[in-house]
Amino acid sequence: MNRREFLQASGVLIVGFNATLRAQTAMSPSLAQVDSWLVIAADGSITAYSGKEELGQGIAVAQQQLVAEELNVPFERVKLIYCDTAQTPDQAHTSGSQSHPANFNHDNLGQAAATAGEALLKLASERLGLPVSQLTAANGSIGNGTRSVSYGQLLGGKKFNLALSTTAKRKPPSAWTVLGKPINNPDLPALVTGQFPFIHNVRVPGMLHGRVVRPPAVGATVISVDESSVSGLPGLIKVVVKKDFIGVVAEKPWQALQAAAKLNVKWTNGKALPAQAAFYDALRKQPARDTMLVDSRNVDASLRGSTATLKATYLHPYQMHGSLASSCAVADVQGSKATLWSATQAVWYQKSTSAAILGLKQENVRVIFARGSGCYGVNGADTVTYDAAVLSQAVGKPVRVQLTRHDEMAFENYGPAYVIDQRAGLDAKGNIAAWDFESWSPTLGGRPGANTPGNVITGALLGFPTPGFTPRSPAPAPGAYANNSNGVPSYLSANNRGTGTIASGRVLTHSVESNFWTGPLRSPARLQNTFAHECFMDELAAHAKADPVEFRRRHLRDPRMLDVLNAAAKAANWAPRPFPRTGLRKSGIVTGRGVACVLYEGDNGYTSIITEAEVNQATGAIKVRRVISANDVGPVSNPMGLRNQVEGGALQGLSRALGEEVTWDEHQITSVDWRTYRSLPVGFDIPVIETVIVNRPDAEAAGAGETSITLIAAALGNAIFDATGARLRQIPFTPERVKAALAAR
Amino acid sequence: MSISLKVNGRMHSLDLDPDTPLLYALSDDLALNGPKFGCGLGQCGACTVLIKGQAVRSCVTTLKAVSGADVTTLEGLGTPEKPHPIQQAFITEQAAQCGFCLNGVILTAKAYLDRNPKATDAQIQQAMSAVLCRCFTSSRMVRAIQRYAKEAK
Ligand code: FES
Ligand code: FES
């Protein structure tokens, strides 16, 4: 076989292209080509391209480890470029704990690196005249111990020109040398010294500064804009009005801010909002779209035949992403072309929707991700990118827009509120015979999708429709089992597709229209559902006078779920004791423990948490002393990153459980800063957090970013019950609510 | 009207509205990345700078109020190659997720500990009770601050 034939047979076709100078293309490079994911330069340096971005969750390091591992080079040798629509493969959004599953399992980045590794071995075999079986790859070279050739020499800076192979063999975790080891965050030296450039630090020559003027009330529309109210203000370049979208552009940010504040706009009154106190009841009465997730069709009969039935209603408020930074974006729209710098979690949808907003061809819009502060879903990053794009187009110059704290908080896409009714029957032995779940949750908009700029405030103000939903009742019969939203309690068997043993179950959800924007907030729906499931499970255990860990074990059949539950119990030294406890003190400070567990999204990471908490019965104050978290997320890429995520998730979940709640009056949102929306600060009584990693090297990679946050509210509610005998069914657990629950004992 | 300021050891003269918040001058006119816009209301700490060793929230501090002052930003403490001991403590403890809050966390802690070198853990907690990290890297951050406090003693 000559070289040419060999190369064709091996699928490697080297063309005379300098691969290191990646052409910035109009469309994203194909997922199916190795060259879209990897470039090896003549000097052997490796650049990986990914459509999954670093938001602070640690995925950049893990992806670098993955490529280094599959290509047998040290971690430092790999450079990672992510989420630039002109350079990186289109991987939709970075969300839902899906980055690990997407890039580490059977396709995409990991598989591209494995394909490249195999191709390099074949090239080396040909170059050295040695069979592949005698060759090993190490440190960027391939050889047999006496003779070797480097990747740089093999490729000579050319492309692979090779389709990604789904059968290329991946390195088994037992052979890992880079993955599985704790790796420090390489961004930290730049971050701690204030050098790291965030989206807020993108500075384009000739850049102007824009500010938006949002409606003062929900649903208010523009009657008139009096531009003379700002005429002559220093630095003001332009007032931009497009339907209900209003913005100003000035030379300096401070000038833009003042012009926005002084601009005289007449608005309609907007719509009347339901009184917050009656809101949860009102949700039940709205027209709804019904979905049945599980229905064994015998629940009512099973409940009637039960020895005892229990009912409880759980309430969860709207909560905010409340990112630390007020969102910011920079746009440079010149004629038919646009370049947008955005902290969006979805650069490709940002590209298509911005093209629609600007009236440009998609191929003429480039979106470059730049890091914002932690986002946790859909904060103002998408909407402010539209703001910058529209203002830049209006003035024909690059424009930077930064939202005010008020505009960030009053108009973001909140994590939705929930009302959840739980009902279950116990048999004579104290086992659960049937479980009946019904939820109501409001929705409006969401993350912008391919054609939906109207999913966020700016798109809607510009007149793009917000896709509504059509009421539907009754719900059609359930489709194939999936538990993406964790609506199905872990203890249902759901025809042996669920993780539990209970055969009789019904899970019915009602989606209703929201007055406020909603969208995915870290563990969307999963957190709210799991709070209700895991607290109700505790109520059932208490009624059956069973230990909460033992009671869970009795109703679980998935061995991995049992393993994380047992691992947490072991680490917490959980010994069974009578439950509910007897002889509880009704005054002073008391302590208790609570447990919760879940298979996140029904298939994306097993996790269990135990908390130990202190309740001050005089003040209603809660102090969490200890959090033990056991996690099985498959093979662990970077234990350092995993621990950081579990810790951060647990504390963020604690802040949400203890204080966070979106509030409103007759016309507008009133939680608009850090005094009116209460977050735990850096300095508080931080619990000791112990993370137990149940490593599963042979399982699929799962997500880890949303595991602990899904459970902490439930585990805490259960600990408060254990300590006091009082059950908290409404989040947040404010001192007033705690005292009310204590008084009701 | 021109306002002069010393920032990280260098003199600057800024021709800006004297009511402009210091933060805008630092991040827009002087192109510094350290001080950050979080809330603009003095509620989160992201914009913190040091003036006479005190932590000052530059989003609610006007230029005219600090005319002639000597301002240190996070960039002024150390470099990636040679970080200041408190910056090193954050690297050692791997105390960040997105890292946006680090400016406020590090400078607030430094200003407090430099004045109160014998601070107890409870006092450190109190000193950090008006600084936000929404990624909730709080436990690592407090460990990093305690490490710096111990090493500085
Ligand atoms: S930005 Fe200054 S305190 Fe928040
Ligand atoms: S690390 Fe993201 S806000 Fe603190």
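Biologist: What makes Phe369(A) count as buried?

Modeller: Its relative accessible area is 10%, and buried means under 20%, with exposed over 50% and partly exposed in between (1.4 Å probe, protein chains only), so Phe369(A) is buried. Mind you, this is a predicted model, where local features need pLDDT of at least 70 and side-chain atom pairs count only at 80 or more, while totals for chains, interfaces and linings use all residues. Residues are numbered from 1 along each chain, chains are lettered from A, and side-chain values use heavy atoms, without hydrogens and water.

Biologist: Why is the pair of Tyr318(A) and Phe516(A) called edge-to-face?

Modeller: Rings of Phe, Tyr and Trp (its six-membered ring) pair if their centres lie within 6.5 Å; planes under 30 degrees apart are stacked, over 60 edge-to-face, the rest tilted. Here the centres are 5.3 Å apart and the planes at 75°, so the pair is edge-to-face.

Biologist: And what makes Tyr82(A) and Phe369(A) a tilted pair?

Modeller: Their centres are 6.0 Å apart, with 50° between the planes, and that counts as tilted.

Biologist: How do you know that Glu75(B) has no salt bridge?

Modeller: A salt bridge needs a side-chain nitrogen of Lys or Arg within 4 Å of a carboxyl oxygen of Asp or Glu. For Glu75(B), which is buried, the nearest side chain of opposite charge, Arg203(A), is 6.9 Å away, and there is no salt bridge. The side chain of Glu75(B) does join that of Thr73(B) through a polar contact of 2.6 Å; such a contact is a pair of N or O atoms within 3.5 Å, one able to donate a hydrogen and the other to accept it within protein, and residues adjacent in sequence count only if both atoms are side-chain atoms.

Methods. Lys and Arg count as positive and Asp and Glu as negative; His and the chain ends are not counted.
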